[in-house]
Amino acid sequence: MSPDCLFCKIVAGTIPANRVYEDELSIGFPDINPQAPTHILIIPKQHIASQAKAVSEDTALFGHLMAAAAEIARNQKLERGYRIVVNTGDEGGQTVNHLHLHLLGGRRMGWPPG
Ligand code: 5GP
Ligand code: ZN
């Protein structure tokens with residue numbers, strides 16, 4: 001728990017979010033400003049500021065988040081495909097400094113990304 005972190009407050013429940021997924025290590029909830037018909041954020045309950053902070057001890061947690069994203073994608077009926085995005089750092093477009101996976105689906109994705 002990092003006291004000034006928005007997503008830690010969502011984990012704690014002091015800021016509301018519609019939890020479409022929850023397990024012992026992570027939660028998933030809709031992005032407040034969706035960029036696709038389905039746009040879910042998957043975050044660890046533990047505060048990790050960024051993907052760039054990952055160390056070998058985090059391997060299992062990162063794998064867990066990917067498996068959670070796959071389960072949410074199945075629940076959300078994204079069988080036609082989807083995209084997982086992890087914006088990292090300022091140039092990577094990260095605006096909330098608590099690790100999160102964006103799960104985007106329900107439309108055809110463009111490439112290269114913006
Ligand atoms: P980033 O830009 O760091 O990759 O992603 C942060 C995401 O968090 C943005 O897509 C933004 O719309 C979303 N977001 C910011 N504040 C809130 C909030 O209070 N609730 C929810 N559900 N999403 C938020
Ligand atoms: Zn946090």
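Modeller: Start with glutamine 94, which sits in the loop between strand 4 and strand 5. Strands here are DSSP runs of E with at least two residues, helices are runs of H or I with at least four, and both are numbered from the N terminus. Keep in mind that this is a predicted model, where local features need pLDDT of at least 70, side-chain atom pairs count only at pLDDT 80 or more, and totals for chains, interfaces and linings use all residues. Residues are numbered from 1 along each chain as its sequence is written, and side-chain values use heavy atoms, with hydrogens and water left out.

Colleague: Why is glutamine 94 called buried?

Modeller: Buried means under 20% relative accessible area, exposed means over 50%, and partly exposed is in between, using a 1.4 Å probe and protein chains only. Glutamine 94 has 10%, so it counts as buried.

Colleague: How many aromatic pairs does a search of the whole structure find?

Modeller: One. Rings of Phe, Tyr and Trp (its six-membered ring) pair if their centres lie within 6.5 Å; planes under 30 degrees apart are stacked, over 60 edge-to-face, and the rest tilted. The rings of phenylalanine 7 and phenylalanine 29 have centres 5.6 Å apart and planes at 80 degrees, so the pair is edge-to-face.

Colleague: What does the pair of phenylalanine 7 and phenylalanine 29 tie together?

Modeller: Phenylalanine 7 lies in helix 1 and phenylalanine 29 in strand 2, so the pair ties together parts 22 residues apart in sequence. Phenylalanine 7 is buried at 5% relative accessible area. Phenylalanine 29 is buried too, at 3%.

Colleague: Why is strand 2 said to be largely enclosed by the rest of the structure?

Modeller: Four of its five residues are buried, so strand 2 is largely enclosed.

Colleague: How do you know which strands pair with strand 2?

Modeller: Two strands pair if DSSP finds at least two bridges between them. Strand 1 (residues 21-22) and strand 2 have two bridges and run antiparallel. Tyrosine 21 has glycine 28 as its bridge partner. Strand 1 and strand 2 form a hairpin, with three residues between them. Strand 2 and strand 3 are antiparallel as well, joined by five bridges. There, isoleucine 27 stands opposite isoleucine 43.

Colleague: Which elements supply at least two residues each to the lining of the largest pocket?

Modeller: Helix 1 (6-12), strand 2 (26-30) and strand 3 (38-44) do. Helix 1 gives the most, with three residues.

Colleague: What makes up the lining of the largest pocket, by residue type?

Modeller: Ala, Val, Leu, Ile, Met, Phe, Trp, Tyr, Cys and Pro count as nonpolar, Asp, Glu, Lys and Arg as charged, and the others, Gly among them, as polar. The lining divides into 11 nonpolar, nine polar and one charged.

How values were computed:
Chains lettered and ligands numbered in written order.
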